[in-house]
Amino acid sequence: EIEALFRSAIDIATKQNAPLLALRAAISWARFLTHQRRRAQARIVLQPYAQLIVSLAGSRDAELAAELT
């Protein structure tokens with residue numbers, strides 16, 4: 001299942017202490033959910049990264065996350 005692969009990517013990035021990579025995987029998962037018309041779930045996926053998104057204000061990653069929330 002594709003969602004399990006997104007979860008795995010986030011878990012691996014987290015274990016490797018790579019929060020930006022975890023955020024990018026979460027953004028990709030949220031984009032997938034949005035295309036599936038599951039916007040509320042997309043927001044839930046991105047919620048744990050809210051503080052990181054704020055700290056990256058002005059970056060392309062922050063812009064992508066904002067588009068999905």
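1. The side chains of glutamate 3 and arginine 38 make a polar contact at 2.9 Å, a term that covers a pair of N or O atoms within 3.5 Å, where within protein one must be able to donate a hydrogen and the other to accept it, and where residues adjacent in sequence count only if both atoms are side-chain atoms. This is a predicted model, in which local features need pLDDT of at least 70 and side-chain atom pairs count only at pLDDT 80 or more, while totals for chains, interfaces and linings use all residues. Residues are numbered from 1 along each chain as its sequence is written, and side-chain values use heavy atoms, with hydrogens and water left out.

2. Glutamate 3 belongs to helix 1, residues 2-15, helices being DSSP runs of H or I with at least four residues, numbered from the N terminus. Glutamate 3 counts as buried because its relative accessibility is 12%, the cut-offs being under 20% relative accessible area for buried, over 50% for exposed and partly exposed in between, with a 1.4 Å probe and protein chains only. Not counting residues up to four places away in sequence, glutamate 3 touches Trp29, Phe32, Leu33 and Arg38, where contact means heavy atoms within 4.5 Å.

3. Helix 1 packs with helix 2 (residues 19-35) at an angle of about 165°, and their axes are 8 Å apart; the axes are lines fitted to C-alpha atoms over the stretch in contact, and angles run from 0 to 180 degrees between N-to-C directions. The two helices are therefore roughly antiparallel, a word used for angles over 145 degrees. Among the residues that make this contact are Glu3, Phe6 and Ile10 of helix 1 and Ala25, Trp29 and Phe32 of helix 2.

4. Asparagine 17 is found in the loop between helix 1 and helix 2 and, at 67% relative accessibility, counts as exposed. The C-alpha atoms of asparagine 17 and serine 59 are separated by 20 Å, the two residues being 42 residues apart along the chain.

5. Helix 3 (residues 39-46) and helix 5 (residues 60-68) have axes that come within 9 Å and cross at roughly 145°. The residues in contact are Arg39, Ala42, Arg43 and Leu46 of helix 3, together with Ala65, Glu67 and Leu68 of helix 5.

6. Aspartate 61, which lies in helix 5, counts as buried at 11% relative accessibility. Its contacts, leaving aside neighbours within four places in sequence, are with Leu20, Leu23, Arg24, Ile27 and Leu56.

How values were computed:
Angles under 35 degrees count as roughly parallel, over 145 as roughly antiparallel, 65 to 115 as roughly perpendicular and the rest as oblique.
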